[in-house]
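Good morning, and thank you for the time on the agenda. I would ask you to keep the structure in view while I go through its sheet, its cores and its charged pairs.

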Amino acid sequence: MTFSICVREDGDGKSGDGREADGSGNRGGGEPTFAVAVATDAPAVGALAPCVSHEGAISTQSFVNVRLGRRGIALLPDLAVDDALSGLLEQDDHAELRQVHGVDFRGNAFAFTGEGCDGWAGHRVEEADGITAAGNMLVGSDTVDALVETYRESEGPIGRRLLDALDAGRDAGGDGRGHTSAAIAIKAPKTTAYHDLRVDEHETPIAELRRVYEAAREASDGFSEDSKERIFD
């Protein structure tokens, strides 16, 4: 019931073609930024699909098994994302119903779409660019392609580029039933309040998520870990 994109940005705070990766000061820290953006026609997708850490990003969807995301992320310090998720899928009695994809800090990428996923279901892996995208119950493959290409081509902070990708996925057809919830989850070397946002139920969740994102950016202006005005895990 979902379309999503997972991304890894270079540790110098920029993507491969030099665009700003993160408006909160993610520059020169040597650590990559990981993120997931997701939308669906069901409430509270942000509670189910996206998982991010300093080691990677994973989205778990279709007949969702949240453990694939949470346990997958927990394994990334020791295992590549493809090894972690493949191993977890082998232990899942209903793996044919799952869709899961992600990227890790080693430069690996992985995606899986089970044969039992409904509607148009599929994925795309661009390992060299640190991007994976996937969807199920979609109008067609154009949505997945739009996610990848729009993220590559858009400019500005990573949150805005993720929102641009969701807009493009929706406009390319998106979930065949419509859209109810959306979320972005970002793990950057310097965390901000607008890196973890959800719209759990709304008639236009992607547009509402953008409104909340911009409001949170404005409200967070001047707060940072450096100033110790706010402290994030």
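Let me begin with strand β5 (residues 98–104), which pairs with β6 in the antiparallel sense over five bridges. Strands here are DSSP runs of E of at least two residues, helices are DSSP runs of H or I of at least four, and both are numbered from the N terminus. Two strands count as paired if DSSP finds at least two bridges between them. Within this pairing, G102 stands opposite F110 in β6.

A word on the source. This is a predicted model, in which local features need pLDDT of at least 70, side-chain atom pairs count only at pLDDT 80 or more, and totals for chains, interfaces and linings use all residues. Residues are numbered from 1 along each chain as its sequence is written, and side-chain values use heavy atoms, with hydrogens and water left out.

To return to the sheet: four strands form an open arrangement in the order β3-β4-β5-β6, with antiparallel pairing. β3 (50–53) and β6 (109–113) are the edge strands, each with a single partner, so one side of each has no neighbour in the sheet. From one strand to the next, the twist averages 10 degrees. Helix α1 (residues 66–75) lies across β3, β4 (56–62) and β5, and runs at about 170 degrees to β4. For such angles, axes are lines fitted to C-alpha atoms, for helices over the stretch in contact, and the angle runs from 0 to 180 degrees between N-to-C directions.

I turn now to the interior. A nonpolar core is a set of buried Ala, Val, Leu, Ile, Met, Phe, Trp, Tyr and Cys residues joined through side-chain atoms within 4.5 Å. Buried means under 20% relative accessible area, exposed over 50%, and partly exposed in between, with a 1.4 Å probe and protein chains only.

The largest nonpolar core has 29 residues, and those with the most contacts inside it are I5, V7, Y151, L162, L166, I184 and L209. At least two residues of this core come from each of β1 (2–9), β2 (33–40), β8, α3, α4, β9 (181–187), β10 (196–199) and α5. Helix α4 gives the most, with five residues. Apart from this core lies another, of 13 residues, among them C51, V81, A84 and V100.

What does I5 touch, not counting residues up to four places away in sequence? Its partners include A35, V36, H101, L147, Y151 and L162, where contact means heavy atoms within 4.5 Å.

I186 is found in strand β9 and counts as buried, at 5% relative accessibility. With residues up to four places away in sequence left out, I186 touches T33, F34, A35, V52, I158, G159, L162 and H195. I186 and R8 are 178 residues apart in sequence and 9.9 Å apart in space, C-alpha to C-alpha.

Helix α3 has 12 residues and reaches 16 Å from its first C-alpha to its last, close to the 16 Å expected at 1.5 Å a residue; the expected span is 1.5 Å times one less than the number of residues. Its buried residues are T143, V144, A146, L147, V148 and Y151, and they pack against β1, β7, β8 and α4.

Finally, the charged pairs. A salt bridge is a side-chain nitrogen of Lys or Arg within 4 Å of a carboxyl oxygen of Asp or Glu, and by this rule the count comes to 15. In one of them, the side chains of R152 and D129 meet at 2.6 Å, N to O. R152 lies in helix α3 (residues 142–153) and D129 in the loop between β7 (120–126) and β8 (131–138), so the pair ties together parts that are 23 residues apart in sequence. R152 is partly exposed, at 24%, and D129 is also partly exposed, at 38%.

D167 is buried, with a relative accessible area of 17%. Its side chain forms a salt bridge with R170 (3.1 Å, N to O); both residues lie in helix α4 (residues 158–171), three residues apart, about one turn of the helix. The side chain of D167 also meets that of R210 in a salt bridge (2.7 Å, N to O). That pair links distant parts of the chain, D167 in helix α4 and R210 in helix α5 (residues 205–220), 43 residues apart.
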